[in-house]
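Me: Could you walk me through this structure? I would like to begin with the sheet and then move on to other parts.

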Amino acid sequence: MRPGNTKAIEEMFNSISSEYDFLNDIFSFGLHRFWKRKLLDILNPTLGEKWIDLCCGTGDMSILLARYIKSSENITGIDSASKALLIARERSKQNYSSIKWINGDALETNLTSNQFDGLLMAYGLRNLSSSYEGLREAFRILKPGGRAGILDFRSFEELSIQGIFQKIYLNLYVVPIASLFGLGKEYSYIKKSLLNFPSGEKQIHLALSAGFKKAKYQTLAMGQMGILLLEA
Ligand SMILES: C[S@@+](CC[C@H](N)C(=O)[O-])C[C@H]1O[C@@H](n2cnc3c(N)ncnc32)[C@H](O)[C@@H]1O
């Protein structure tokens, strides 16, 4: 599958939605929870603020946010994969039933401008057909001064030890294990999605061109992951 083909990406995420959370734990050794929590610690969301989780998938980040601020009011999760959203709804219905789940496109949310205090996106930007358009839409729906945190794999444009480690990790760990579940093709997509994914420096540049006032990038997981931190 070609990165950037929105319909094919939607179908792929629908097809892996039931194994997604389980495999996420295996592939990250459970650490994705720690990285998501770290993102919240940096952004410091508070009760009463209005937040959106773009590309929310099965709802991990939104639910973590609700747990963090001890309320599920004023939280919206949006994703194009309806099956992932079904899981998100099911996971949140008991304790976090006020989270609003929207089946929609992060590139064109159709949401009113300047309404959110904060925005999260975990492992979503890389999947959009245009990182720039995704950042523009994020900027549009945030209030002036609103903050955003975007967590994703780090993209290595030049040959580096960390880049080689990433290739080995994807080729020899992720894809073979996913293949055991009949999802080798789907998970080999991660490598393809990283090919055109901008580096941290480029993400900063794109975010500033998209309108954000401040942008910085920090790495975690021994340089394998990156967090783009923005202020609208
Ligand atoms: C790797 S998953 C991440 C899910 C979740 N944020 C997490 O961290 O577990 C990427 C998600 O992005 C969604 N996605 C991809 N392109 C999208 C788009 N244009 N609009 C909305 N969601 C999109 C997929 O459906 C998928 O659920």
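Reply: A definition comes first: two strands count as paired if DSSP finds at least two bridges between them. By that criterion, strand 1 (residues 51–54) and strand 4 (residues 116–122) pair in the parallel sense, over four bridges. Please note that the model is predicted.

Me: Which residue of strand 4 is the bridge partner of Trp51?

Reply: The partner of Trp51 is Gly118.

Me: And what is the strand order in the sheet?

Reply: The sheet is open and has seven strands, in the order 3-2-1-4-5-7-6, with mixed pairing. Strand 3 (100–103) and strand 6 (214–220) are at the edges; each has a single partner strand, so one side of each lacks a neighbour in the sheet. From one strand to the next, the twist averages 15°.

Me: How do strand 6 and strand 7 pair, parallel or antiparallel?

Reply: They pair in the antiparallel sense, over seven bridges. Thr219 has Gly226, in strand 7, as its bridge partner. Strand 6 and strand 7 form a hairpin with four residues between them, and Ala221 in the turn has a positive phi of about 55°.

Me: Which helices lie across strands?

Reply: Two can be described here. Helix 2 (residues 31–43) lies across strand 4, strand 5 (142–153), strand 6 and strand 7 (225–231), and runs at about 155° to strand 5. Helix 4 (residues 82–92) lies across strand 2 (75–79) and strand 3, with an angle of about 170° to strand 3.

Me: Let us turn to the ligand. How many residues surround the ligand, and which are the closest?

Reply: The ligand is surrounded by 21 residues, and the closest are Phe13, Cys55, Gly57, Ala81 and Ala122. By class, twelve residues of this shell are nonpolar, five are polar and four are charged.

Me: Which helix gives the largest share of that shell?

Reply: Helix 1 does, with four residues. Helix 1 (6–28) and helix 3 (60–69) each supply at least two residues of the shell.

Me: You listed Cys55 among the closest residues. Where is Cys55 placed?

Reply: Cys55 is in the loop between strand 1 and helix 3. Its phi is positive, about 60°, although Cys55 is not a glycine. Cys55 is also buried, because 26 other C-beta atoms lie within 10 Å, and the cut-off for buried is 20 or more.

Me: Which other residue has a positive phi although it is not a glycine?

Reply: Asn74 is one of them, with a phi of about 65°. Asn74 is in the loop between helix 3 and strand 2. With 21 other C-beta atoms within 10 Å, Asn74 is buried.

Me: Next topic: which residues of helix 7 are buried?

Reply: In helix 7 (residues 184–195), the buried residues are Glu186, Tyr187, Tyr189, Ile190 and Ser193. Seen down the helix axis, they fall within an arc of 120°, so they line one face of helix 7.

Me: What do the buried residues of helix 7 pack against?

Reply: They pack against helix 1 and helix 6 (161–180).

Me: And which residues of helix 8 are buried?

Reply: Helix 8 (residues 200–209) has Gln203, Leu206 and Ala207 buried. These residues cover an arc of only 100° around the axis, which puts them on the same side of helix 8. On the other side of helix 8, Glu201 and Ser209 are exposed. The cover over the buried residues of helix 8 includes helix 5 (131–141), strand 6 and strand 7. Just after helix 8, Gly211 takes a positive phi of about 120°.

Me: Finally, Leu228. Is Leu228 buried or exposed, and why?

Reply: Leu228 is buried, because 24 other C-beta atoms lie within 10 Å. Leu228 is placed in strand 7.

Me: Which residues is Leu228 in contact with, leaving aside its neighbours within four places in sequence?

Reply: Leu228 is in contact with Ile150, Gln203, Ala207, Ala215 and Tyr217. Of these, Gln203 and Ala207 are among the buried residues of helix 8.

Me: How far apart are the C-alpha atoms of Leu228 and Ile16?

Reply: Their C-alpha atoms are separated by 26 Å, and the two residues are 212 residues apart along the chain.

Terms used: Residues numbered from 1 in each chain as written. Predicted model: local features only at pLDDT ≥ 70, side-chain atom pairs only at ≥ 80, totals over all residues. Near = placed C-beta within 6 Å. Nonpolar A, V, L, I, M, F, W, Y, C, P; charged D, E, K, R; others polar. Axes fitted to C-alpha atoms, helices over the stretch in contact; angles between N-to-C directions. Contact = placed C-beta atoms within 7 Å. Buried ≥ 20, exposed ≤ 12 C-beta atoms within 10 Å, placed from the backbone. Arc of directions from axis to C-beta.
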